[in-house]
Protein chains: 2
Amino acid sequence: MWKGLLHHYRDLLPVTDRTPELSLSEGNTPLLPIPTLSKELGIEGYVKIEGANPTGSFKDRGMVMAMAKAIEEGSKAVICASTGNTSASAAAFAARAGLRCIVVIPDGKIAQGKLAQAVMYGAEIFAIKGNFDQALEMVKKIAENEPVTLVNSLNPYRIEGQKTAAFEVCDALGDAPDVLSIPVGNAGNITAYWKGFKEYHEFGYALPKMMGFEASGSAAIVRNQVIEDPETLATAIRIGNPASWNKAIKAKEESGGLIDEVTDEEIVHAYQWLAQSEGVFAEPASCASLAGTIKKVKDGTIPPGSKVVHVLTGNGLKDPATAIDQSPVHPTVIENDFEAFASAVTGVKS
Amino acid sequence: MWKGLLHHYRDLLPVTDRTPELSLSEGNTPLLPIPTLSKELGIEGYVKIEGANPTGSFKDRGMVMAMAKAIEEGSKAVICASTGNTSASAAAFAARAGLRCIVVIPDGKIAQGKLAQAVMYGAEIFAIKGNFDQALEMVKKIAENEPVTLVNSLNPYRIEGQKTAAFEVCDALGDAPDVLSIPVGNAGNITAYWKGFKEYHEFGYALPKMMGFEASGSAAIVRNQVIEDPETLATAIRIGNPASWNKAIKAKEESGGLIDEVTDEEIVHAYQWLAQSEGVFAEPASCASLAGTIKKVKDGTIPPGSKVVHVLTGNGLKDPATAIDQSPVHPTVIENDFEAFASAVTGVKS
């Protein structure tokens with residue numbers, strides 16, 4: 001029986017005898033082969049399905065660690081800014097632990113599933129008339145002056161928890177892949193994976209090339225400039241001033257990898273292809289990883305036969321509206337009449 | 001590395017040398033303790049989080065089996081009627097396997113997340129102006145006459161796959177619980193769990209009491225009559241003429257359990273309590289199990305100290321609208337101004 005990340009990777013995490021046992025059964029997510037896409041692309045591809053985490057995103061890995069340390073340190077309240085996934089995770093673990101949770105989101109700019117989560121878990125939610133970067137500035141300022149623990153990725157325990165995903169990839173494959181392909185928003189996750197791979201490298205595991213992909217409308221690192229008004233349908237990575245900017249560049253440079261951008265069109269293509277060819281429904285931002293691989297296979301940067309792990313950061317159910325809006329297919333409405341139905345189901349009759 | 005149900009429970013399933021390896025990494029879902037609710041209720045409670053399955057519901061267990069056998073038997077197309085979870089699962093596994101998938105849903109009566117899934121996975125979707133029971137009649141008739149495999153729970157392989165959830169409960173606890181508390185809609189799941197527990201009983205494991213709970217607006221088994229116009233916000237169990245009616249009664253009688261009903265109000269209470277006290281967000285229908293336990297603890301049917309496993313059939317993200325609509329809490333909209341924010345966050349300042 002899986003007892004969560006703090007239990008399983010205890011020796012590799014800042015867990016002390018005073019750290020409370022806290023878990024929603026996060027981690028231990030599937031690493032699924034994607035045979036159809038692999039054949040088409042000429043690679044050996046996998047997806048790391050982080051949407052299988054308790055609140056449907058990779059954020060649970062870092063949050064369980066940050067929340068446990070907050071409790072250990074006597075905190076009674078936590079705060080974060082969020083495009084939605086962080087707030088869902090913070091709210092869930094705070095509910096589990098009995099802590100107050102304050103979340104600040106950009107008004108009208110988070111996916112419906114994520115708002116539903118924060119509401120259900122009982123967080124105090126503030127929708128700011130601004131973007132994520134502005135929300136983050138506010139919560140930083142509050143946390144500096146008030147007795148409330150910041151659980152954004154600036155909290156160093158977040159990265160510690162998140163690095164366990166790299167451990168799991170290595171554990172599942174028996175070694176690191178050739179390429180780790182990952183969406184880049186606030187850049188905490190690419191930082192965490194790289195930290196995890198480097199720690200496993202000490203035990204003799206290989207190091208992958210880190211390939212990070214921003215959405216074109218918020219490609220601050222690629223353009224080397226803060227994007228004042230980031231825009232992309234991949235709302236989870238709609239961040240114009242990534243908190244872990246320098247660490248992401250370091251991960252790229254140390255690993256011999258790259259950080260590039262993909263357009264919303266490329267993201268949507270990957271999003272639909274993944275669902276229809278492999279039966280995997282991830283949130284749009286997640287699919288920046290696959291979109292990036294497609295681009296980098298085409299231009300020859302990823303050589304044929306490469307073992308590529310794609311991080312799918314969040315569950316597709318987080319954002320049902322985008323799935324429906326972007327689809328060319330819609331339900332055919334029919335009368336409750338067998339003949340009408342039978343004739344509508346064309347091609348079944350042989 | 002978990003390789004899915006057909007691999008893990010191969011010897012206990014109708015898997016032959018000709019059965020294809022098919023998996024989306026279904027099964028192996030968390031059995032999570034619920035300490036806060038357990039204390040309040042005076043029981044030892046757990047939740048079996050079936051929303052962690054690849055398409056977010058327990059349906060994936062039966063669907064992987066049914067789909068693998070359809071492929072083994074040479075089928076090129078599958079069909080089902082669905083309140084949403086079955087169609088999502090069928091569409092995903094059909095996409096994975098390269099089969100055509102036809103789904104029939106009640107028009108306007110399925111949760112948004114579930115529609116998004118069927119759309120994304122590329123199913124051919126027909127929305128019938130009728131209810132689930134009428135949709136089921138239609139697909140049965142098509143499947144009888146045309147070369148298309150029915151993958152509703154009338155397909156016997158569905159029950160075979162679904163029984164693995166009982167195996168997992170026993171594997172995690174080391175034995176069966178005292179009580180298995182489970183929502184009842186079409187009654188396939190209670191049937192499958194009971195079959196699974198009986199099979200493990202052959203190996204010396206105990207048998208639980210099976211306690212099934214219908215929604216009051218579609219409580220056909222409890223009332224002993226077909227409900228012509230079932231109504232409940234727990235749309236996943238909004239079924240007035242359960243296909244496995246007799247088998248559910250058999251599970252109840254053989255186990256010394258019961259089948260009772262819970263109101264929408266009781267379901268919503270359990271749904272919110274579970275999220276806010278334990279950090280677990282399940283879809284409304286799932287919470288019929290917890291609502292049922294609350295009722296049965298109050299009336300003394302479940303004695304203090306009982307070990308009770310609650311089946312949470314689906315992920316809360318399947319139905320974000322109900323979460324938001326039912327909540328008394330909503331985001332506070334504030335200006336992008338620090339002073340406005342700081343004064344809105346009352347009580348943080350010490």
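These are my notebook entries on what I looked up in the predicted model shown above.

**Ground rules**

I worked from a predicted model, in which local features need pLDDT of at least 70 and side-chain atom pairs count only at pLDDT 80 or more, while totals for chains, interfaces and linings use all residues. Residues are numbered from 1 along each chain as its sequence is written, chains are lettered from A and ligands numbered from 1 in the order in which they are written, and side-chain values use heavy atoms, with hydrogens and water left out.

**Chain A as a whole**

I began with the secondary structure, and for chain A I noted 15 helices and 11 strands; helices (H or I, at least four residues) and strands (E, at least two) are DSSP runs, numbered from the N terminus. The radius of gyration of chain A is 20 Å, close to the 20 Å that the globule rule gives for 350 residues, so chain A is as compact as a globular protein of that length. The radius is taken over C-alpha atoms, and the rule is 2.2 Å times the number of residues to the power 0.38. Along its principal axes, the C-alpha trace of chain A spans about 70 × 50 × 45 Å.

I then looked up burial and found that 65% of the 350 residues in chain A are buried, where buried means under 20% relative accessible area, exposed means over 50%, and partly exposed lies in between (1.4 Å probe, protein chains only). Of the contacts in chain A with a separation of 6 or more, 71% are between residues 24 or more positions apart; a contact means heavy atoms within 4.5 Å.

**The annotated domain and binding site**

UniProt, in an unreviewed entry, lists residues 23-314 of chain A as "domain: Tryptophan synthase beta chain-like PALP". I keep in mind that UniProt positions are given in the numbering used here, that feature names are shortened, and that annotations may be inferred rather than shown by experiment. The end C-alpha atoms of this span lie 19 Å apart, and the span is 44% helix and 17% strand.

The UniProt annotation "binding site", also from an unreviewed entry, covers Asn85(A), Gly185(A), Asn186(A), Ala187(A), Gly188(A), Asn189(A) and Thr313(A). These residues span 229 residues in sequence, yet no two of their C-alpha atoms are more than 14.1 Å apart, so they gather at one spot.

I looked at two of them in turn. Asn186(A) sits in the loop between β7 (179-183) and α9 (188-201) of chain A, and Asn186(A) is buried at a relative accessible area of 12%. Leaving aside neighbours within four places in sequence, Asn186(A) has contacts that include Phe132(A), Ser153(A) and Ser244(A). Gly188(A) belongs to helix α9 of chain A and is buried at 6%; with the neighbours within four places again left aside, Gly188(A) is in contact with Ile159(A), Gln162(A) and Ser244(A).

**Strand β9 of chain A**

Is strand β9 of chain A buried or exposed? Five of the five residues of β9 (residues 258-262) are buried, so the strand is largely enclosed by the rest of the structure. In a regular strand the side chains alternate between the two faces of the sheet. Here Leu258(A), Asp260(A) and Val262(A) point one way from β9(A), Ile259(A) and Glu261(A) point the other way, and all are buried. Strand β8 (residues 209-215) of chain A runs parallel to β9(A) and is joined to it by five bridges, and Glu214(A) stands opposite Glu261(A).

**Where the two chains meet**

The contact takes 81 residues from chain A and 81 residues from chain B. The area buried between the chains is about 7000 Å², of which carbon and sulfur atoms give 68%; buried area is the accessible area (1.4 Å probe) that two parts lose on being put together, summed over both. In chain A, Arg96(A), Met120(A) and Leu317(A) lose the most area to chain B, together 11% of what that side buries.

I also followed a sheet of five strands, which is open, has parallel pairing, and runs in the order β11(A)-β5(B)-β4(B)-β3(B)-β6(B); two strands pair if DSSP finds at least two bridges between them. At its edges stand β11 (332-334) of chain A and β6 (149-150) of chain B, each with a single partner strand, so one side of each is left without a neighbour in the sheet. Three bridges join β11(A) to β5 (residues 124-128) of chain B, and the bridge partner of Thr332(A) in β5(B) is Phe126(B).
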